[in-house]
Amino acid sequence: MAVLPIRIFGDPVLHSPALPVTAFDDALKTLVADMVDTMHEAPGVGLAGPQVGVPLRLFVYEYTDTDDVWHSGVAINPVLLVSPPPVEEAHEDLDAEGCLSFPGERFPLVRSTDALLRAVDADGAPFEVTASGWLARIFQHEYDHLDGHLYVDRLEFSYAKAASKIARKRSWGGPGLSWMPGVDTFDGGA
């Protein structure tokens with residue numbers, strides 16, 4: 001398969017709602033395989049269609065939890081239900097989140113601790129996953145991408161200000177910026 005370039009903060013595809021997937025064909029299966037290869041090479045625990053310039057409602061994920069249970073798959077046209085997030089300030093270490101479209105940075109963000117993901121796979125078969133902890137965080141992070149949001153859009157003021165400063169310093173914020181996993185180096189994210 002192929003590794004795809006990952007779009008960087010500011011590219012319009014990252015800031016617009018994605019469209020439903022309507023064709024469940026070989027092209028979709030190739031896209032999913034390429035997204036998985038890209039996620040591995042980056043490395044990350046999730047990757048959404050808009051992050052590779054494809055404005056469709058799908059994401060891939062792969063995560064091993066603290067009980068050594070491996071969670072992996074593709075979610076196409078997902079619906080995500082979440083519990084209310086805790087009302088607290090983000091913890092700098094426990095809530096630190098990264099994003100492959102805001103590469104090399106991590107900021108704390110409070111997320112809901114539980115989620116229910118309903119979607120279809122690459123063959124159009126429906127499935128449901130109940131998630132908690134980091135898996136729930138991954139689902140929320142990737143689902144946000146499908147609605148045109150990056151995690152830095154949700155940060156508390158002081159962290160949002162720091163993220164904005166980094167984006168300006170790196171000249172992020174416009175169309176056409178991307179990085180190539182395996183070529184360019186950044187710390188991983190989702």
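Modeller: Happy to! A residue is called buried under 20% relative accessible area, exposed over 50% and partly exposed in between, with a 1.4 Å probe and protein chains only. Helices (H or I, at least four residues) and strands (E, at least two) are DSSP runs, numbered from the N terminus. This is a predicted model, in which local features need pLDDT of at least 70 and side-chain atom pairs count only at pLDDT 80 or more, while totals for chains, interfaces and linings use all residues. Residues are numbered from 1 along each chain as its sequence is written, and side-chain values use heavy atoms, with hydrogens and water left out.

The part I would pick is helix α3. Its buried residues are Y159, A163, I166 and A167. They sit on the same side of α3, because the arc they cover around the axis is only 100 degrees, taken from the directions from the helix axis to the C-beta atoms. On the face turned away from that buried side, α3 carries the exposed residues F157, K161, K165, R168 and K169.

What does the buried side meet? The buried residues of α3 pack against β6 (102–108), where contact means heavy atoms within 4.5 Å. Just after α3, S171 takes a positive phi of about 60 degrees.

From here the aromatic rings lead on. Rings of Phe, Tyr and Trp (its six-membered ring) pair if their centres lie within 6.5 Å; planes under 30 degrees apart are stacked, over 60 edge-to-face, and the rest tilted. There are six aromatic pairs in the structure. One of them joins F9 and F102 edge-to-face, at 5.5 Å centre to centre and with 80 degrees between the planes. This pair links distant parts of the chain, since F9 is in the loop between β1 (6–7) and α1 whereas F102 is in strand β6, 93 residues apart. F9 counts as buried because its relative accessibility is 18%, and F102 is buried with a relative accessible area of 1%. F102 also pairs edge-to-face with W172, at 5.0 Å centre to centre and 80 degrees between the planes. W172 lies in the loop between α3 and β9 (178–179) and F102 in β6, so this pair ties together parts that are 70 residues apart in sequence. W172 is buried, like F102, and ring pairs link F9, F102 and W172 into a cluster.

Strand β6 has a partner as well. β5 and β6 form a hairpin with two residues between them, and four bridges join these antiparallel strands; two strands pair if DSSP finds at least two bridges between them. G98 has R106 in β6 as its bridge partner. In β5 (residues 96–99), A96 and G98 point one way and E97 and C99 the other, and all are buried.

T38 belongs to α1 and counts as buried because its relative accessibility is 0%. Leaving aside residues up to four places away in sequence, T38 touches A2, V3, L4, I6, L47, V52 and P181. L47, in turn, has V60 in β3 as its bridge partner, and β2 and β3 (residues 58–64) are joined by three bridges. Further along the sheet, β3 and β4 pair over seven bridges, with F59 opposite A75 in β4.
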